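Visitor: Pick one part of this model and take me through it slowly, please. I'd like to see how its pieces sit together.

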Amino acid sequence: MDKNYRALELDKILEMLAQETTCADAAEKAALIAPVHTAAQAQQLLEETDAAYVLTAKFGAPSFYGMKNITNALRRAQAGGGLGLRELLDVAETLRAIRSLTQWHSKNEGMKNALSGRFEILAPNKYLEDKIFTCIVNEEEVADAASPALASIRRKIRNASNRVREQLDKLIHSASHQKHLQESIVTQRGGRYVVPVKAEFRGEIPGLVHDSSASGATVFIEPMSVVEANNEIRVLRSDEQEEIQRILLELSAEAGSFADSIIESYQYAVELNLIFAKAYLAYRMKATIPQINEQGRVTLIGARHPLIDKNKVVPTDITLGKDFDSLIITGPNTGGKTVALKTIGLLNLMAMCGLMIPAKEGSEVSVFRHILADIGDEQSIEQSLSTFSSHMTNIIRILAAADGSSLVLLDELGAGTDPIEGAALAEAVIEELRRKGARLACTTHYAELKAYALQTKGVENGSCEFDVATLRPTYRLLIGVPGKSNAFAISKRLGLEERIVDRAGELVSQEGSLFEQVVGTLEESRRKMEDELTLLREKSGEAYRKAEEADHLREEAERQARQEIERARQEAAQIVQKTRQQADALLNELEELRRQKNKELSVEQKARLRSGMRNLEKASDPVRERRNDSYQLPRELVPGDNVLIFDIDKSATVLEPPKDGVALVQAGIIKTRVPLANLRLLGEKQKQKQKGRTVTKTNVSVEVSTDLDLRGQNVEEGLMEVDAFLDRAARMNLPRVTIIHGKGTGVLRAAVQQHLRKCGQVKSFRLGTYGEGESGVTIVELK
């Protein structure tokens with residue numbers, strides 16, 4: 001890795017990234033990531049990371065478990081070589097992982113993003129995956145189902161082994177041979193079944209001696225009666241191995257035929273694993289996507305160094321390259337100057353690697369051709385280099401490489417030598433880097449460089465804030481403010497005698513003293529303005545919250561008004577529907593009577609019935625009825641009168657005398673102008689009622705219907721309606737209800753009556769009589 005990147009600790013960030021990966025190849029790729037050097041490339045990498053970030057948030061993380069680098073094995077199989085059990089299982093597990101990725105992506109196919117193309121290239125091969133897993137049990141065993149021939153051979157082996165064991169079991173349990181055996185067991189030696197015989201009785205059991213114990217007291221004999229069966233087993237074992245080799249070669253050839261597709265899918269899966277690892281790392285860092293430019297502008301908002309504990313790191317704002325091209329950071333030791341310097345370089349490098357950065361939304365970074373850093377003390381005893389020499393060697397290298405697309409970060413510029421010469425040399429280096437067009441951030445303790453920044457356009461001071469009262473740095477970077485030397489104040493605070501500190505002050509040059517006084521005054525003014533700004537922000541936030549609260553209350557009042565009107569309309573619609581059902585039932589029953597009695601209703605009578613139904617619908621709209629009220633105000637309204645806004649049933653107070661038939665009223669927090677025709681003057685009793693409850697006025701009284709019309713419904717729908725209807729009737733204590741099912745085929749009538757026999761609310765039921773609807777209705781008596 002580049003020396004400059006290592007100085008900014010990019011290698012540690014990439015190690016963290018590698019830990020988020022699942023497979024070894026992805027971890028290796030993570031450690032070898034190199035920053036890109038164009039905004040387009042960086043933007044593409046960040047878009048991929050952002051896509052993984054969003055997909056993980058919406059659908060959970062995909063699984064990359066089981067992926068292994070099988071490239072060499074597949075190439076060998078492609079060339080005709082055979083693969084072992086472990087290698088074939090690795091191929092199958094990798095195929096399973098690839099299939100898992102495609103299935104995961106299928107859940108979000110509607111979301112096209114920067115990763116869609118990579119997912120679409122993945123080519124799962126369930127055929128080969130299933131075939132390998134079917135044939136291979138584990139890395140030591142091939143399944144019987146691998147081939148019919150293998151299953152047959154193993155079945156023969158088991159049968160032959162059983163015959164051998166049966167013969168040997170008879171022998172070891174034979175009374176005549178019990179004393180000859182060391183133990184009554186059957187064992188194996190060299191793949192052949194044998195029995196343990198005492199050495200002194202080896203001649204009593206004829207057979208072949210295959211082994212003896214370490215003490216020589218036991219010999220393992222294969223009785224002659226099972227020699228042929230053991231020979232058969234050995235032959236079958238040989239056949240089994242040949243069949244296994246044939247199966248493995250066949251599987252290897254299958255895998256080799258798909259080698260190119262599997263290898264390509266694996267490589268894309270590794271890249272996806274790396275991209276999702278970037279997303280996981282962003283979650284851990286609470287990172288965001290920055291804006292990218294190539295003009296050297298850096299704006300970090302609430303930036304945090306990613307290697308510092310997130311519970312201890314102090315977010316800071318840093319800008320460079322917009323209003324000024326060089327930033328000179330001053331402040332006490334351990335105040336955070338070096339951390340600020342590293343944060344600038346590291347966050348730019350992370351974005352150039354496609355990593356989201358630990359900063360707030362709206363942050364901006366630039367893509368640089370070179371990021372050059374001299375940070376830390378690299379004193380080398382072997383090379384006889386002092387601290388100053390080491391720094392100067394790095395600066396010479398940086399000056400040679402720097403150009404208009406470079407970011408240069410210098411820690412303690414000019415330190416390690418005579419202060420006067422060091423300050424002059426530092427100023428000359430800054431001027432040269434600016435002449436080359438580089439963006440520069442450096443730290444220093446030299447007052448001369450603070451003054452240089454104040455006097456030079458394009459160069460800005462920055463300081464790491466220090467609390468003298470607690471002798472602790474706040475780690476906040478203040479842009480535009482030179483750092484004040486706190487050596488005297490810290491010494492006093494630590495207990496150094498005041499006369500010594502005063503004498504040190506006398507020894508400081510008058511020019512340096514005046515400069516420190518100016519810096520102190522600026523610092524005091526800055527603190528005062530910052531306190532005032534904080535107070536203003538608090539008041540502004542409070543005003544904003546109150547405005548939001550007022551808007552919320554207004555919207556709530558409007559929502560409630562809309563709900564009341566909608567509720568009234570829904571009630572009216574329900575009344576209309578019930579009225580229409582009753583009217584239709586009446587017309588149908590009259591028609592039935594006409595057919596039965598040969599009586600005929602005139603057209604005029606039907607028209608009158610339907611006209612009456614329409615009039616009933618009009619009368620059943622409570623909202624319309626309220627609007628048609630002919631109420632007249634008893635007197636003119638005056639400010640302070642309590643009134644009712646009739647159409648929304650809302651009480652209000654009159655604020656101004658009516659004008660042009662309209663009055664200004666206040667209902668809750670809402671002020672509005674309402675026509676006088678829509679206002680009702682409230683008396684004292686009505687006021688109390690309005691305060692305690694909401695009154696809904698309607699001229700329609702809703703009655704519970706005793707009829708249920710099921711005509712036109714199927715059995716399942718009708719029975720659900722019957723259950724709900726009987727429940728309502730039971731709650732209303734109705735003694736009798738009528739269920740209209742029609743005559744038709746009689747299927748619905750039979751289903752209803754069968755269902756009524758099971759209902760707990762039903763006392764008895766019967767068909768209707770003449771005038772009730774006869775067999776077209778069922779009359780139900782309720783308990």
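Guide: There are zero disulfides here, a disulfide being a pair of cysteine sulfur atoms within 2.5 Å. This is a predicted model, where local features need pLDDT of at least 70 and side-chain atom pairs count only at pLDDT 80 or more, while totals for chains, interfaces and linings use all residues. Residues are numbered from 1 along each chain as its sequence is written, and side-chain values use heavy atoms, leaving out hydrogens and water.

Now for our part: an open sheet of four strands with mixed pairing, in the order 22-23-25-24. (Strands are DSSP runs of E, at least two residues; helices are runs of H or I, at least four; both are numbered from the N terminus.) Strand 22 (707–709) and strand 24 (762–767) are the edges: each has a single partner strand, so one side of each has no neighbour in the sheet. On average, neighbouring strands here are turned by 20° against each other, direction ignored.

Zoom in on strand 22: it runs parallel to strand 23 (residues 736–740), and three bridges join them. (Strands pair if DSSP finds at least two bridges between them.) D709, for instance, has I740 in strand 23 as its bridge partner.

Next, look at the helices. Helix 22 (residues 715–731) lies across strands 22, 23, 24 and 25 (777–782), at about 160° to strand 23. Helix 23 (residues 747–756) packs on the sheet too, touching strands 23, 24 and 25, and its direction makes about 155° with that of strand 24. Contact means heavy atoms within 4.5 Å; angles run from 0 to 180 degrees between N-to-C directions of axes fitted to C-alpha atoms, for helices over the stretch in contact.
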